[in-house]
Amino acid sequence: QVAGCDCNLRNTLCLVSAVMPLTRNACKFIVAQFGSRFANSFLTTAVRFEILEAGGVVKFASAQVANQVARVFMQQISGVLTDNQPLKHLYVIGEAFNLILVVALMPVLMGIGAAESLFLVNVGLGLTQAFSQPVSKSMPPLIVQPEDFAIVNSWDLTGDKIGRNLAPMALTILSSSFGFRVAAGSSLAMYVALVALKMSVEISETKKKTMASDATKASVLSRLLGVFRQVKDGLLSLRNDRTIGLLILNTLITNMLLYPLGSVVFPVIFRAIPEGSIELEGSIASSFILALQQIVGVQKKKAWMNYVALVSLGAAIGPFFSSAIVYGVKTVSTRYPEYENWIGLNFGMLGQTVSVMVLAGTLLTIQSFSAGMRIFMMFLVWGALNAFNNVFTIYFNAHTLHRLGRNERGRFIANILTLFTMANSIGSMMYGWALASGHVDAQVRTASVIVSAAVVGRFLIVVGLRSDSEGRETVLLRRSD
């Protein structure tokens, strides 16, 4: 019997139950959420890497864009269904569709229409993830008591980050050693287990009165058309509050010019590292990478996948440093607590600006370094960049919560999230164009120019924020607030 749980549990469920004072049903939900995010990231990464191998750079970048655009519209449909249909059915159906997508990989495994099938499955994975998110986010009130919402949401978010960043490494180990077939088979096994687990989750849901089909269709159409309204309202919000507008522009730069590097650019430039170059270096960095490859069993011919996974781990480590920075800002602002958000925003943005400058310089000169140093430098820079991005986001959110009324926050968040997703899609297309420029040297140079634009944009935003004395007053936390 596990303390805090109402029955005997084993394996992962038992481990989760042992550290959380929740019921078995809530533990099932949390494990299912982690498993779902891990499985989706695992299969999505596998499919995208295969697209890069079979379809080339342009199709690889196009797959990222198609996935993101599909998610924007599917979220609107899922939102309507979540409000009007039984959640348990939607919860299980969303995961069951992933089984169909794995089966759809059969032509790829048979060598028939590989690039086209992979592209469609990639879009399908984006649709299923977008479909499941509004459903799962609406479920905690039906699973636990209100006093446990914070615990469930905290573990849900933590599991999401861990699953998303752990999956590429797990894929690298499995796929490089046993091939894509075994990776696909593992995905099938994971989804079968997840469907069974989700079916066992108990939901205290009163029977809903479903909307008439015509009304449902009208609501879905309204939500889909609302995407364009959200983009327009998100752009208009730039001028409603000058300070918030500058902060939104700063985040747009991150989503459009920086984040696509991890998903689009790094796989391409690391794939261009000649086979065997790491082994011939004899540097400390290359020795570390080779030792890690030997430990996890990564094959040389698929080593570039391991390089991508290593750099992406910087994004997972970054939040730990950002937490320390936030604690430092809290300590520094002890004497003047009203300046906490102002200090945090400035520290985050200055850190972002410096780290982007280092990133641009690293990209511009990366071809002159050894393969091991390229990977190691990108790991450090990417980790620092994500740490300062997190610091900025924490204080950006704190400022908007301070400035916006309760009846404004939800609409504001929905609008800017849609805007950020669209910006990410545009950025993926831009880098796709950059990577289609021929040799890897030309690809890196063009990507460096795009990152340099982010440096200029960040610098102008910092100057604009610090030169606006009236805007600074809106950031200060007065006692009366």
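This is a predicted model: local features need pLDDT of at least 70, side-chain atom pairs count only at pLDDT 80 or more; totals for chains, interfaces and linings use all residues.
**Entry 1: K330 and E340**

I started with K330 and E340, whose side chains meet in a salt bridge, at 3.4 Å from N to O. Where does each partner sit? K330 is in helix α12, which covers residues 303–332, and E340 is in helix α13, residues 340–365. The two are 10 residues apart, and my note says the pair links distant parts of the chain.

Next I checked how open each partner is. K330 comes out as partly exposed, with a relative accessible area of 47%. E340 has 15% relative accessibility, and because the cut-off for buried is under 20%, E340 counts as buried.

**Entry 2: the other salt bridge**

How many salt bridges does the structure hold? I found 2. Besides K330 with E340, there is E95 with K198, where the side chains meet at 2.6 Å, N to O. E95 belongs to helix α3 (residues 87–103) and K198 to helix α7 (residues 180–200), so this pair ties together parts that are 103 residues apart in sequence. Buried or exposed? I looked up both: E95 is buried, and K198 is buried too.

A reminder to myself on the background: side chains of opposite charge can pair when their charged atoms come close.

**Entry 3: α3 against α7**

What hand does the crossing have? I noted it as left-handed.

Then I listed who makes the contact. From α3 I have K88, Y91, V92, E95, A96, N98, L99 and V102. From α7 I have A184, S187, L188, Y191, V192, L194, V195, K198 and M199. Both salt-bridge partners, E95 and K198, turn up in that list. Sorted by class, the contact of α3 with α7 has 12 nonpolar, 2 polar and 3 charged residues.

**Entry 4: S425**

Last stop was S425, which I found in helix α15, residues 406–435. What does S425 touch? Leaving out residues up to four places away in sequence, I got V65, Q68 and V69.

Definitions and conventions
Residues are numbered from 1 along each chain as its sequence is written. Side-chain values use heavy atoms; hydrogens and water are left out. A salt bridge is a side-chain nitrogen of Lys or Arg within 4 Å of a carboxyl oxygen of Asp or Glu. Helices (H or I, at least four residues) and strands (E, at least two) are DSSP runs, numbered from the N terminus. Buried means under 20% relative accessible area, exposed over 50%, partly exposed in between (1.4 Å probe, protein chains only). Contact means heavy atoms within 4.5 Å. A crossing is left-handed if the near helix is turned anticlockwise from the far one by less than a right angle, and right-handed if clockwise. Ala, Val, Leu, Ile, Met, Phe, Trp, Tyr, Cys and Pro count as nonpolar, Asp, Glu, Lys and Arg as charged, and the others, Gly among them, as polar.
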